[in-house]
Amino acid sequence: MNNSFNVHAMTICQNCENSFEGKFCSQCGQKANIKRITTRAVFSDFIKKITLWDKGLLYTTLRLLKGPGHMARAYLSGRRVNFTKPLNYILIIVAISLLLFPKKDFDQAMTGIGQNNRAMGPGYTDWLFSNISLIYLMMIPFLAIVSRWFNKKADVNYAEHFVFYCYLMAGCTIITIPFTVTLNLLHINTLTFGPIGMLQYMCWFLFFAWGYVQFFNKQRSYWGGIQGVLVLLIAYIIYIFLFSILFGLAIILAKMLFDIELIPLSKPVQ
Ligand SMILES: [Zn+2]
């Protein structure tokens with residue numbers, strides 16, 4: 001039986017002049033049925049976009065927390081429309097977690113930068129290192145490299161590893177949020193390593209290993225979980241190593257510039 005809608009009617013796209021069948025242009029994706037713009041249409045389009053965006057964010061988060069490995073696999077296998085894209089997703093999650101970071105610490109860190117004509121003050125590094133979500137974000141490329149070494153036989157390319165770790169690290173960030181909030185409420189510096197910090201690390205190690213085992217289908221032995229933690233540690237060591245070198249270079253460079261060029265500039269101030 002045929003559908004009663006005029007399935008076979010050809011429409012000429014008003015955007016790109018392609019002729020097509022169905023509800024959307026096959027070339028540019030514009031709707032077949034374009035009406036004159038009204039105030040109501042403008043607002044309902046806006047609301048639709050926002051709720052769609054919310055839905056994607058909510059759906060991605062729920063699926064991610066329910067099973068990070070399965071979720072990333074589903075995305076990579078082509079079920080993509082309902083998910084927020086990996087880079088967008090992690091950037092949104094990191095931005096949310098940065099907003100939850102205590103403002104006092106943030107101000108302290110930021111005013112540390114320009115204090116004495118140094119490129120980077122001590123407050124800056126404190127803030128950078130205490131804000132775990134930034135570390136998660138910057139670790140993603142290294143995680144993808146290490147993970148690829150460990151899973152050479154798996155048919156997963158670098159970009160696919162990268163996508164998986166975007167989602168996994170976003171999940172780790174979400175897990176740290178309640179801990180950050182608790183530490184804030186108890187007025188504990190996020191840098192001190194107490195029992196809450198320990199619990200937090202435990203939680204995201206487990207979450208990470210769980211996602212890893214799921215994604216690479218290594219549920220059969222404990223080795224999968226251990227391997228996941230190893231990937232995390234090796235990527236972290238590489239990240240710290242590279243970051244220290246870069247940081248050291250930046251400090252040397254700042255000192256050189258400071259000695260050669262910045263002293264005459266700062267003299268009139270003192
Ligand atoms: Zn078109």
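**Entry 1: α2 against α8**

I began with two helices, α2 and α8, which pack at an angle of about 45° with their axes 6 Å apart. I took axes as lines fitted to C-alpha atoms, for helices over the stretch in contact, with angles from 0 to 180 degrees between N-to-C directions. The angle makes α2 oblique to α8. The cut-offs I used: under 35 degrees is roughly parallel, over 145 roughly antiparallel, 65 to 115 roughly perpendicular, and the rest oblique.

I noted that α2 passes α8 in a right-handed crossing. A crossing is right-handed if the near helix is turned clockwise from the far one by less than a right angle, and left-handed if anticlockwise.

Which residues meet here? From α2 I listed Pro68, Gly69, His70, Ala72 and Arg73; from α8, Trp210, Gly211, Val213, Gln214 and Phe215. Contact means that the C-beta atoms of two residues, placed from the backbone, lie within 7 Å. By class, I found 5 nonpolar, 4 polar and 1 charged residues. Ala, Val, Leu, Ile, Met, Phe, Trp, Tyr, Cys and Pro count as nonpolar, Asp, Glu, Lys and Arg as charged, and the others, Gly among them, as polar.

**Entry 2: the model and the whole chain**

I am reading a predicted model: local features need pLDDT of at least 70, side-chain atom pairs count only at pLDDT 80 or more, and totals for chains, interfaces and linings use all residues. Residues are numbered from 1 along each chain as its sequence is written.

The chain has 9 helices and 2 strands. Helices (H or I, at least four residues) and strands (E, at least two) are DSSP runs, numbered from the N terminus. The order from the N terminus is β-β-α-α-α-α-α-α-α-α-α. Of the 270 residues, 23% count as buried. Buried means 20 or more other C-beta atoms within 10 Å of the residue's own, exposed means 12 or fewer, and partly exposed is in between; C-beta atoms are placed from the backbone.

**Entry 3: the buried side of α2**

I went back to α2 (residues 68-76), whose buried residues are Pro68, Gly69, Met71, Ala72 and Tyr75. They sit on the same side of α2, because they cover an arc of only 165° around the axis. The arc is that of the directions from the helix axis to the C-beta atoms. What covers them includes α1 (39-66), α7 and α8. Just after α2, I saw Gly78 with a positive phi of about 120°.

**Entry 4: α7 against α8**

Next I checked α7 (residues 158-185) and α8 (residues 195-215), whose axes come within 10 Å and cross at roughly 160°. That makes α7 roughly antiparallel to α8. This crossing is right-handed. The contact residues in α7 include Phe164, Leu168 and Gly171, and those in α8 include Ile196, Gln200 and Cys203. By class, the contact has 12 nonpolar, 5 polar and no charged residues.

**Entry 5: loop residues**

Glu17 lies in the loop between β1 (10-12) and β2. I read its phi as near 65°, a positive value in a residue other than glycine. Is Glu17 buried or exposed? Glu17 counts as exposed, because it has 10 C-beta neighbours inside 10 Å.

Asn217 lies in the loop between α8 and α9 (222-266). Its phi is near 55°, a positive value in a residue other than glycine. With 11 C-beta neighbours inside 10 Å, Asn217 counts as exposed.
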